[in-house]
Amino acid sequence: MTVKLRRTNARYRGLTPGQPYVVIGIEGDDFRILNDVGRPYLYPPGLFKILDAHEPADWVTELGDDGERYAYPAPLNEPGFFEDFFDDKPKAVRTFWQVVNDRLATVREVA
């Protein structure tokens, strides 16, 4: 899935309007995106225009108790994975970048 920021938003300074971003997962309906400094943060989907709605076949999708959606590649779908990533645990960091680099290498070009 590829999206672009609709317009400048003072609350989300790490994103550039018009810049395409690859969604690397969905958590509680929010998009997990690498921002302009390469950090994988969550952003509300309403900030973006969807350029390519194709979701990778390897995403594991689950619904929460209130119907919110969670979807990630299996290696990033483990409970506590992003806590470990942000705590700089080597295994989580290595796994994250391997999965993300593999994903970015297969992204379809969008206009």
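This is a predicted model: local features need pLDDT of at least 70, side-chain atom pairs count only at pLDDT 80 or more; totals for chains, interfaces and linings use all residues.
Residues are numbered from 1 along each chain as its sequence is written, and side-chain values use heavy atoms, with hydrogens and water left out.

**Overall build**

- The chain has two helices and seven strands, with helices (H or I, at least four residues) and strands (E, at least two) taken as DSSP runs and numbered from the N terminus.
- Going along the sequence, you read β-β-β-β-β-β-β-α-α.
- The radius of gyration is 14 Å, close to the 13 Å that the globule rule gives for 111 residues, so the chain is as compact as a globular protein of that length; the radius is taken over C-alpha atoms, and the rule is 2.2 Å times the number of residues to the power 0.38.
- Along the principal axes, the C-alpha atoms fill a box of roughly 35 × 30 × 30 Å.
- Of the 111 residues, 35% are buried (buried means under 20% relative accessible area, exposed over 50%, partly exposed in between, with a 1.4 Å probe and protein chains only).
- Take the contacts (heavy atoms within 4.5 Å) with a separation of 6 or more: residues 24 or more positions apart account for 47% of them.
- The chain exposes about 6,700 Å², and carbon and sulfur atoms supply 49% of that; the areas come from the Shrake-Rupley method with a 1.4 Å probe, and for residues only the protein chains shown count as cover.

**The cavity**

- Searching the whole structure turns up one cavity of 30 Å³ or more. On a 1 Å grid over the protein atoms alone, a cavity is a set of points where a 1.4 Å probe fits but cannot get out, while a pocket is an open set with protein on both sides within 12 Å along at least five of seven lines; lining residues have an atom within 4 Å of a point.
- The largest cavity has a volume of about 30 Å³, a volume being the space filled by probe spheres set on the points, with grid points joined across faces, edges and corners.
- Its lining is made up of Val23, Ile24, Trp59, Pro73, Leu76, Val99, Val100 and Arg103.
- Strand E2 (20–27) and helix H2 (90–104) are the elements that give two or more residues to this lining, and H2 has the largest share with three.

**The pocket**

- The largest pocket comes out at about 210 Å³.
- Around the largest pocket sit Glu27, Glu62, Tyr70, Tyr72, Leu76, Asn77, Glu78, Pro79, Gly80, Phe81, Phe82 and Glu83.
- Strand E7 (69–73) and helix H1 (81–86) are the elements that supply two or more residues here, with H1 giving the most, three residues.
- By class, the lining of the largest pocket has six nonpolar, two polar and four charged residues.

- Tyr70 lies in strand E7 and is partly exposed, at 27% relative accessibility.
- Leaving aside neighbours within four places in sequence, Tyr70 is in contact with Ile26, Glu27, Gly28, Val60, Thr61, Glu62 and Gly64.

**Loop residues to look at**

- Asp29 sits in the loop between E2 and strand E3 (30–34); this residue has a positive phi of about 75° although it is not a glycine, and is partly exposed at 37% relative accessibility.
- Asp88, in the loop between H1 and H2, also has a positive phi, about 60°, without being a glycine; at 56% relative accessibility Asp88 counts as exposed.
- Asp36 is placed in the loop between E3 and E4 and is partly exposed, with a relative accessible area of 41%.
- Not counting residues up to four places away in sequence, Asp36 touches Gly14, Leu15, Thr16 and Tyr21.
- Gly46 belongs to the loop between strand E4 (40–43) and strand E5 (48–52), and is exposed at 62% relative accessible area.

Methods: Ala, Val, Leu, Ile, Met, Phe, Trp, Tyr, Cys and Pro count as nonpolar, Asp, Glu, Lys and Arg as charged, and the others, Gly among them, as polar.
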